[in-house]
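I am opening a notebook on this model.

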Amino acid sequence: MEQKILAATLYIKDGLPVMGPDDLTPAGDLEFLAKSYNDGGIDKIFVFDLSAEDEEHEKNLHTIRELNRLIEIPTCGGGNVKRLEDIKKLLYAGCKQTLINGSKPYCFELVDEASSRFGNEKILVSVKNIDFIFKHREVIEEKIHEMLVMNTKLLDSIENLTDTQYVAICEDNSLEQILQILRRENSRGVYGTFLNDVNMNAMELKSQLSQNGIKMDNFEPALKWSDFKYNSDGMVPVVAQDYRTGEVLMVAYMNEEAFNKTITTGKMTYYSRSRGELWTKGMTSGHIQYVKSLTADCDLDTILARVSQVGAACHTGQYSCFHNEIVHKQYLERNPLKVFEDEYAVILDRKQHPKEGSYTNYLLDKGLDKILKKIGEEATEIVIAAKNPDPEEIKYEAADFLYHLMVLMVEKGLTWEDITSELSQR
């Protein structure tokens with residue numbers, strides 16, 4: 001059985017998130033929304049460009065690109081998709097799919113062209129009336145991946161006409177209506193205003209849906225609480241670690257209730273020994289820890305939680321509770337990611353705080369053409385070094401190339417996270 005999805009919708013106007021096409025009230029900070037959807041259990045985001053002119057369109061594309069840089073879940077871009085070029089721009093902005101408005105006269109000419117160019121797995125079409133399906137059934141089945149159904153009253157008729165999968169709007173956030181839609185054979189998932197609310201716990205909803213026989217992307221623990229060796233108080237220590245950097249954030253305890261709530265909600269929940277009660281990290285401060293993975297040690301008496309940390313983990317405001325240094329021995333950093341990030345940070349600091357005599361500042365002052373010239377030269381040096389028998393030469397030239405590449409990245413406002421995100425999506 002294929003997993004069903006919960007999809008949020010995000011509308012972009014003048015480069016900023018708004019409530020909807022008919023309500024241009026600001027919807028909040030893009031980074032906060034992106035992190036909430038990405039970590040909170042939303043499986044996909046339909047993002048709509050509401051631009052009225054080309055200048056705004058480019059601004060909105062920049063915002064969509066930024067959104068895709070911030071998240072790991074797929075997006076489907078729509079709004080102002082009129083030409084093949086519009087589809088290409090959305091895909092280049094990081095969208096996995098694009099949505100074409102089925103009510104527009106150019107829809108199926110564009111569907112045919114886009115499907116041939118990019119593949120039908122990239123193409124979705126929005127559906128508002130059944131005539132659309134009736135007239136274009138063959139094209140729909142051959143040329144598009146899914147439909148976005150904007151009226152649940154059409155579902156019976158749609159399923160009588162085509163086996164094409166769809167994501168359907170759910171106007172009512174009741175579990176009963178969600179189940180009615182997701183139990184349909186061709187239903188791929190649901191979207192609706194209630195799923196845009198960052199306070200809605202998507203992981204908890206998924207647990208409820210799973211209990212009702214719907215296959216969802218939620219946590220199904222390989223170990224039960226009874227498998228653990230807990231202490232005399234019925235608790236197990238938990239080490240929380242940043243899932244991206246590996247930095248240890250804090251240590252706390254779980255009892256059985258906290259363990260089960262963590263699994264159900266996807267938010268780290270602990271047991272406070274001093275207060276004698278459960279506490280979900282961040283419910284008061286907003287500094288939530290979203291679960292990425294839970295792993296038990298070899299003795300099954302300690303849990304390692306890899307989490308996405310919002311804000312600071314420590315009550316002092318420090319990102320990690322482990323900030324009181326006791327001893328420190330200097331060492332040469334060899335972690336590749338840390339080396340890249342540290343070197344990048346030095347180059348960025350040179351740009352922000354120029355230092356006399358700095359070669360980095362010399363390159364940045366000379367501008368883009370000089371930086372590009374050096375990258376070309378260093379790339380050529382790698383080619384020459386690779387033709388020589390000593391592999392050590394490649395090491396030196398590759399290091400020079402990567403340094404100059406980082407200067408270019410700083411100049412153009414790109415980070416290593418941008419680069420690794422792009423690589424991970426390929």
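**Entry 1: cavity**

I work from a predicted model here. The largest cavity has a volume of about 90 Å³.

I listed the lining next. It takes in Ser36, Tyr37, Gly40 and Ile42, then Leu195, Asp197, Val198, Met200, Asn201 and Ala202, and finally Lys267 and Tyr290. Which element gives the largest share of this lining? I find helix H1, residues 30–40, with three residues. By class I note seven nonpolar, three polar and two charged residues around this cavity.

**Entry 2: the largest pocket**

I turned to open space. The largest pocket holds about 1200 Å³. I see 39 residues lining the largest pocket, and the closest to its centre are Asp242, Arg244, Thr245, Glu341 and Glu417.

I then checked which elements contribute. At least two lining residues each come from H1, helix H2 (54–70), strand E16 (303–309), helix H10 (336–352) and helix H14 (416–424). I sorted the lining of the largest pocket by class: twelve nonpolar, 14 polar and 13 charged.

**Entry 3: the second largest pocket**

How much space lies in the second largest pocket? I read about 920 Å³. Its lining has 38 residues, and Tyr11, Pro21, Phe48, Leu50 and Met150 are the closest to the centre.

For this pocket, I note that strand E1 (5–13), strand E2 (16–20), H1, E4 and strand E6 (97–101) each supply at least two lining residues. By class, this lining divides into 21 nonpolar, ten polar and seven charged residues.

**Entry 4: nonpolar cores**

I looked up the packing next. The largest nonpolar core has 59 residues. Which members touch the most other members? I get Leu10, Ile100, Met147 and Leu209. Helix H4 (residues 107–118) gives the most to this core, six residues. I also logged a second, separate core of 19 residues, with Ala252, Ala258, Tyr270 and Val307 among them.

Beyond its neighbours within four places in sequence, Leu10 is in contact with Pro17, Leu30, Leu33, Tyr37, Ile45, Phe46, Val47, Phe48 and Leu67. Two names on that list I had already written down. Tyr37 also lines the largest cavity, and Phe48 is one of the residues closest to the centre of the second largest pocket.

**Entry 5: Asp43**

I picked a charged residue in a loop. Asp43 lies between H1 and strand E4 (44–49). Is Asp43 buried or exposed? I record Asp43 as buried, because its relative accessible area is 12% and the cut-off for buried is under 20%.

What does the side chain of Asp43 meet? I find a polar contact with the side chain of Lys206, at 2.6 Å. Not counting residues up to four places away in sequence, Asp43 touches Lys4, Ile5, Leu6, Ile73, Pro74, Lys206 and Asp217.

**Entry 6: positive phi**

I checked backbone angles. Most residues other than glycine have a negative phi. I noted two residues with a positive value.

Asp14 has a phi near 55°. Asp14 sits in the loop between E1 and E2. I put Asp14 down as partly exposed, because its relative accessibility is 42%.

Asn80 also has a positive phi, about 55°. I place Asn80 in the loop between strand E5 (75–78) and helix H3 (84–92). At 24% relative accessibility, Asn80 counts as partly exposed.

**Entry 7: Gly102**

Where is Gly102? I find Gly102 in the loop between E6 and H4. Gly102 is buried, because its relative accessible area is 12% and buried means under 20%. Apart from its neighbours within four places in sequence, I list Cys107, Val125, Ser126 and Phe132 as contacts of Gly102. I also took the C-alpha separation of Gly102 and Val81: 11 Å, with the two residues 21 apart along the chain.

**Entry 8: whole chain**

The protein chain has 14 helices and 16 strands. Its C-alpha trace spans about 70 × 65 × 45 Å along the principal axes. I read 43% of the 426 residues as buried. Of the contacts between residues at least 6 apart in sequence, 55% join residues at least 24 apart.

Conventions
Residues numbered from 1 in each chain as written. Predicted model: local features only at pLDDT ≥ 70, side-chain atom pairs only at ≥ 80, totals over all residues. Heavy atoms only, no water. 1 Å grid on protein atoms, 1.4 Å probe; cavity = no way out; pocket = protein on both sides within 12 Å on 5 of 7 lines; lining within 4 Å. Points joined across faces, edges and corners; volume = space filled by probe spheres on them. Helix = DSSP H or I, 4+ residues; strand = E, 2+ residues; numbered from the N terminus. Nonpolar A, V, L, I, M, F, W, Y, C, P; charged D, E, K, R; others polar. Buried < 20%, exposed > 50% of the residue type's maximum accessible area, 1.4 Å probe, protein only. Polar contact = N/O pair within 3.5 Å; in protein donor to acceptor, adjacent residues only side chain to side chain. Contact = heavy atoms within 4.5 Å. Core = buried A, V, L, I, M, F, W, Y, C linked by side-chain atoms within 4.5 Å.
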